[in-house]
Each structure stands twice: as structure tokens, then as C-alpha cells.
Amino acid sequence: MKKIIFALMSVFAVVSVADAQKKTSGAIQFETTVDPAAMAAASGMQIPDQMKARMPSSSKSNFELLFTATNASYMPVEDMEDSNGAGGGGGGMGRMMMRFGGGGGNREYYYSFADQKLTEVFDLSDTTYYMPGKLTLSTSGPIGSFRMGSGNPGDTAKPKPVVPPKIEIVKTDATKKIIGFDCKEVIVKSTRSVKILDMDKDVTEETHIWYTNDLGFNFSPNPKMWTEGTVLAIEGRGNSTIAKSIEYRGVSSKDVTPPKKAKLITEEEYKIKMDNMMKRFRQNRPGGTGVQRIVVPGN
């Protein structure tokens, strides 16, 4: 009898180890929802009903986090057949790159857990770049910049730097389940002074970050919105990114490794390139029209 019990215990131990190993790699599906009118209202803009009617309605995009015991990648996907794929192949039929408009092009994020490295890969001027970075909480707040008013098309001077907002981080006792994980809440309060219709006004935005430490690695769908753990939801007024499902399965190392043919660019070099692009845009812009811009970090 003792031999039988010992044999059963050995089988259970092997099964438990195998089950634990299976849970070290897999895919998490995220969904991002953006409502431009709600985002503008959150920034303090007073939008006439006619303008609201012309603004695009809310839109949804899908993203996928692939992870192994040592690395991860996060990028936009388009569901075609099966976004989870099968086996340890190339991320499934559905993992296709989606091209975004704007100067930054598409974005891919690669994570190395051991040294806490983050690599951002994107296309700019027909060149694929990679830019080293790190998970952090951006001092620019949920909205990266806000500008409203008349512009002089002949003005090619460098725009005035945006004054960083006051950031307050509030850890709450709130918890909720997201794809089966107990998540804790951090509220990021960002207060900035903006000029609206020639009047200075303080605008406070709140972004709710939900994270878990149960997955064993650090990650955020927005690398500039992270405090600790694995972030499974970021909720702001008019925009949110939330994990919808998880599947444990084999993941190929090539799917979580940055492309080797990308060209290195530093954050400072990237800022210079973007400033030059904005300068050319202002030079070529038709005269007299106002400019209003909202930029969300990580997009």
C-alpha cells in the first residue's frame, strides 16, 4: 500500500510540475477603446454639439501580449482566424501588424525580464528603428500635450516646452478580478494648467491602473503608465485598455525577440526627428487655422 501511495504522490508531483511549466508561457489578449469626444472633454475642452457630431465615434483595437519565462512582446493584431494560434508557432494567423497613422508608425514592444529591459520598435521615414526604454510612470501625465489657439504659418520657431503637470499617485484598497487574477488599483491624478479661450484653467485627470503580481513579471500595455507588477487594465476618461483573455501555451522565442535588422535610435535623437517633422508641418500648413492636439503616451 505504501508503494502505491508513493507512486501516486510521484505522479501528482510530476503533473504539478508540468502544469507549472505550462503556465510560464502564453498569450493575453487586450482590447483598447478610444472615445475622442470624451477624451477632449476630460482635457477641459468645451466642444460645441456640431463639432461633436463630426468627431469620429469610439473605436476598438486589439493587442496581444506573448510571454515566455524570460521575455515578452506586445503589439497590435488583427483577428482573422485565430489570434491565439496553435502550438509554439509564429503567434497564429491573426497576429498581423496594423499600421497606424502619424509620424511614429507601428509600435512593437519587447520585454526582457531578467534585466528589466524594454525595447520599442517602430517605422519612421521608411526605416525601422529600435529605441531602448523602461517601464515608468510618465511625468507628462495621461495626456502628453495639449495646445489650442491660433498659429502663425510663418512661425518656424521651436514650440515652447510643455510644463509638466503635478502628479499624485494614490494606492487604494480596491481589488477586482481581471481574466482570473486578483488585481490591485493605483490611481494616477494629473493636474495641469491649460489655456482655454484665453483663460487659464487647472484640469485634473484620473487614470486607474489595475495590476497583479501573480504572473511573476513586470509589464504594462502603456510603458509610460506603470508602477509595479503586470498591468492588466488602464482606464481613463474616454480611453481604456483591458485584458480580455489568457491562454497558456508554447510561444516561440523569435516572437518575443526584437528584430535584428532595426537601427538604433536614442530618445533624444527621436525627439529631434519629431521636432523637425513638426517644423516642416508648420511650414507647409495653410495659413491662419487654429491647432489643437491631444497626444496619449504610448500611442
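Tutor: Let us begin with a definition: a salt bridge is a side-chain nitrogen of Lys or Arg within 4 Å of a carboxyl oxygen of Asp or Glu, and a residue counts as buried when its relative accessible area is under 20%. Please keep in mind throughout that this is a predicted model.

Student: What polar contacts does the side chain of Glu185 make?

Tutor: The side chain of Glu185, a residue of strand S9 (residues 181–196), makes a polar contact with the side chain of Thr172 at 2.6 Å, and another with the side chain of His208 at 2.7 Å. If neighbours within four places in sequence are left aside, the residues in contact with Glu185 also include Val170, Ala174 and Trp210.

Student: Turning to the nonpolar cores, which residues of the largest one touch the most other members?

Tutor: That core has 31 residues, and those touching the most other members are Ile28, Phe30, Leu65, Tyr74, Tyr111 and Leu232. Among the strands that each supply at least two residues of this core are strand S1 (26–34), S9, strand S10 (199–212) and strand S11 (230–236). A second, separate core has six residues, including Leu124, Met131, Ile265 and Tyr270.

Student: Is Tyr270 buried or exposed?

Tutor: Tyr270, which is found in helix H4 (residues 267–284), has a relative accessible area of 15% and is therefore buried, since the cut-off is under 20%.

Student: How should I read the pairing of strands, and why is S11 described as largely enclosed?

Tutor: S11 is largely enclosed by the rest of the structure because five of its seven residues are buried. On pairing, S10 and S11 run antiparallel and are joined by five bridges, with Val231 in S11 as the bridge partner of Tyr211. S11 also runs antiparallel to strand S12 (residues 239–248), to which four bridges join it, and Ile234 stands opposite Thr241 in S12. The hairpin of S11 and S12 has two residues between the strands, and in this hairpin Gly238 takes a positive phi near 95 degrees.

Key: Residues are numbered from 1 along each chain as its sequence is written. This is a predicted model: local features need pLDDT of at least 70, side-chain atom pairs count only at pLDDT 80 or more; totals for chains, interfaces and linings use all residues. Side-chain values use heavy atoms; hydrogens and water are left out. A polar contact is a pair of N or O atoms within 3.5 Å; within protein, one must be able to donate a hydrogen and the other to accept it, and residues adjacent in sequence count only if both atoms are side-chain atoms. Contact means heavy atoms within 4.5 Å. A nonpolar core is a set of buried Ala, Val, Leu, Ile, Met, Phe, Trp, Tyr and Cys residues joined through side-chain atoms within 4.5 Å. Buried means under 20% relative accessible area, exposed over 50%, partly exposed in between (1.4 Å probe, protein chains only). Two strands pair if DSSP finds at least two bridges between them.
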